[in-house]
Amino acid sequence: MKLLLQFIFSLVLLSCIQETKNKSVTENLSDPFLDDHSYSNLNEIKTRHLHLELDVNFRSKKIFGVARHRMLNLNNADTAIFDIKGIEIQKVTTGEKNAENEADFVIGKYDKDSILGQPLLVKIDPKDSIVNIYYKTTENSEALDWLEPKLTSSKLHPFLYTQGQAILTRTWIPIQDSPSNRFTYSAEVKVPKHLKAVMSAKNSREKSENGIYNFSMPNSIPSYLIALAVGDLNYTPLSSNTGFYCEPQLTKKCKNEFVDLPKMLVAAEKLYGKYRWNQYDLLVLPYSFPFGGMENPMLTFVNPTIITGDRSLVSVIAHELAHSWSGNLVSNKTWNDFWINEGFTVYFEHRIMEELYGKEIADILALVEIFELDEEIIRIKNSKHPEDSKLLLNLNQRNPDEGMTDIAYVKGAWFLRSLEARAGRKVFDKFLNYYFSSFAFSTISTRDFIDYLKKNLLSQQNIDFNYNEWINQEGLPNNKIEISSPRLLKMKELAYKFSNEEDVFAPKIRYERIRIKKKIKKKKIVEQLKKEDFITQEWQMFIRYLPKSITVDKLERLNSYFGFNRTENAEIALDWFTLCINANYDGVLPDIERFLRKIGRRKFVLPLYELLAQKPQYKNFAKTLFDSQKNYYHAVTKNSVEKLFMN
Ligand SMILES: [Zn+2]
């Protein structure tokens, strides 16, 4: 390792960095390159292409890598600054491979809360355009989830996957880790021979004999979309340009669940223009994956909790597919603009669902989400950061994961829905089509969007719309459009009746007179509502409509009819367990424990631990369970839950 500590060099640069990090978000918006969550000097020098050479070692649970950055020096910079966190830098060179010169580098201090990690400052000659960083990951590389064979479906082979969003790519690749920069990438990855590597790039469908895989992503993407997974994986095509990877045992189940994917792609293209990434595949991960899905380009990572057997959670697939336009084609410039990724995607997801399954289903999905948004707004109002219910956030000196709330997703989508209602669907669709092609393969800030909206929709159509209230004020404006669903009203009625002593689910017996061989006979008919009579979202809303004070006796009766305690449907499980904890139904604790030992998706895990930790009688149960389980959760989930038990 050549580590030359040039005192003045580092001191001057580090003081510059500190100053940058303390700037307010409004100042940053005026500078297109500054990002609260990256140390990189993108306004001076930036990566245009990244080539990775990775050796994935399951025995030591480490990746040994070289990151070769081909850079554009905009400003005669003599230093290139990268983000790193939890990785060990071994050597830095400049120049083409095999004709490299060793470069001096300095690693800055960790920031106060260790959110950003450390800056890696590399001294370069302004003529150098290639910087090669030799490194290895450590047990603190939070993007990486190394799974023992017992945590996979087959229980035979280990599994590795990465999760880079928001700022974890720097924990497995030394990189300028800001969504404001886009670049192309390629990779050569070596893995154990019996396993297969896949990336968010062009993939080979077959297993390689020597365990070496080559990848290329010819379209420019932001750093958080680089992704890798390694495991015992098979490919199954669904159409000429769609398919999925999964462990062999899951193939049949997945094929049944994902059968509508080709139709979703056709519907999405019909709405907002050509799919620009050539191939669209899914990768089914083990249960510890912290998100429902992650829109890694060309290869969406999905959580197995969406495989329910009845395709009732396929809106997650529509959501991730929609990201191929909103998020991946047009990306948020900073994490303060996260709604630009998610609000557009939820809006687009509902439109795809409407095309495929009709308005009623799309409305039910939207109403389930708005119910959650109303609760989220109350939670945020009473939190340390009541300003977080604005669409444009200020996450300076905070972990950008704190901005991943229903505000970005649902309030963002509702903003666009209300705008659509005001402009008319035809006009609004045309506007969105132009939006996606105007900003294709670029990153935009909220301010860029406002300018575009004013110019291309509001002034053109002479529309007066309170976009500023939606974007810069807390809560929900009054012009939020209202929708309703007769099917959900029925669930409300059932919940009301059931909680008011009418057992609407008990078998009802009636007799019908029928004629058999000229004789009139009485036939006994038993009628009873069944679980299959309603879709997941109807059950979710039924459970939410029940009062928190419901008696344990009634909960047990519902469980005897529908088996909610042991449901395999994680969405229903979350609502059911929430109700049970609120109603102090102790009998359900073993089932909650089983659930929290199986699933690592933060959406399900965090609220349950949160609720248990708030109840004095369940706090110890939750703490003991979390302590024994935390190393199984991905860092995204683990770090969020850990905070609950800190004081
Ligand atoms: Zn999303």
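Two strands are taken to pair if DSSP finds at least two bridges between them. With that criterion in hand, the predicted model shows an open sheet of seven strands, in the order 5-4-8-2-1-11-13 and with mixed pairing. Its edges are strand 5 (101-102) and strand 13 (212-221), each of which pairs on one side only.

Strand 1 (residues 45-57) and strand 2 (residues 62-73) run antiparallel and are joined by twelve bridges. The two strands make a hairpin with four residues between them, and Lys-61, which sits in the turn, has a positive phi of about 50 degrees. Strand 1 also pairs with strand 11 (residues 183-190), this time in the parallel sense and over seven bridges. Leu-50 is a handy landmark here: it stands opposite His-69 in strand 2, while its bridge partner in strand 11 is Tyr-185.

Stepping back to the whole protein chain, the model contains 19 helices and 23 strands. The radius of gyration is 26 Å, close to the 26 Å that the globule rule gives for 647 residues, so the chain is as compact as a globular protein of that length. Along its principal axes, the C-alpha trace spans about 100 × 65 × 55 Å. Buried residues account for 44% of the 647 residues. Among contacts with a separation of 6 or more, 71% are between residues 24 or more positions apart.

The chain is divided into four assigned stretches: domain 1 (7-217), domain 2 (233-324), domain 3 (330-472) and domain 4 (486-598). The centres of domain 1 and domain 2, taken over C-alpha atoms, are separated by 27 Å. Their contact draws on 18 residues from domain 1 and 18 residues from domain 2. On the domain 1 side, the elements that give two or more residues are strand 9 (144-147), strand 10 (159-162) and strand 12 (196-199). Of that side, the largest share, three residues, comes from strand 12.

With 14 residues, helix 12 reaches 20 Å from its first C-alpha to its last, close to the 20 Å expected at 1.5 Å a residue. Leu-488, Met-491, Leu-494 and Phe-498 are buried in this helix. Seen down the axis of helix 12, the buried residues fall within an arc of 110 degrees, so they line one face of the helix. Pro-486 and Leu-489, by contrast, are exposed on the other side. Here a residue counts as buried if 20 or more other C-beta atoms lie within 10 Å of its own, and as exposed if there are 12 or fewer. The cover over the buried residues of helix 12 includes helix 7 (359-381) and helix 13 (536-545). After helix 12 comes Glu-501, whose phi is positive, near 75 degrees.

Technical notes. Residues numbered from 1 in each chain as written. Predicted model: local features only at pLDDT ≥ 70, side-chain atom pairs only at ≥ 80, totals over all residues. Expected span 1.5 Å × (residues − 1). Arc of directions from axis to C-beta. Contact = placed C-beta atoms within 7 Å. Rg over C-alpha atoms; globule rule 2.2 N^0.38 Å. Domains from an automatic or database assignment.
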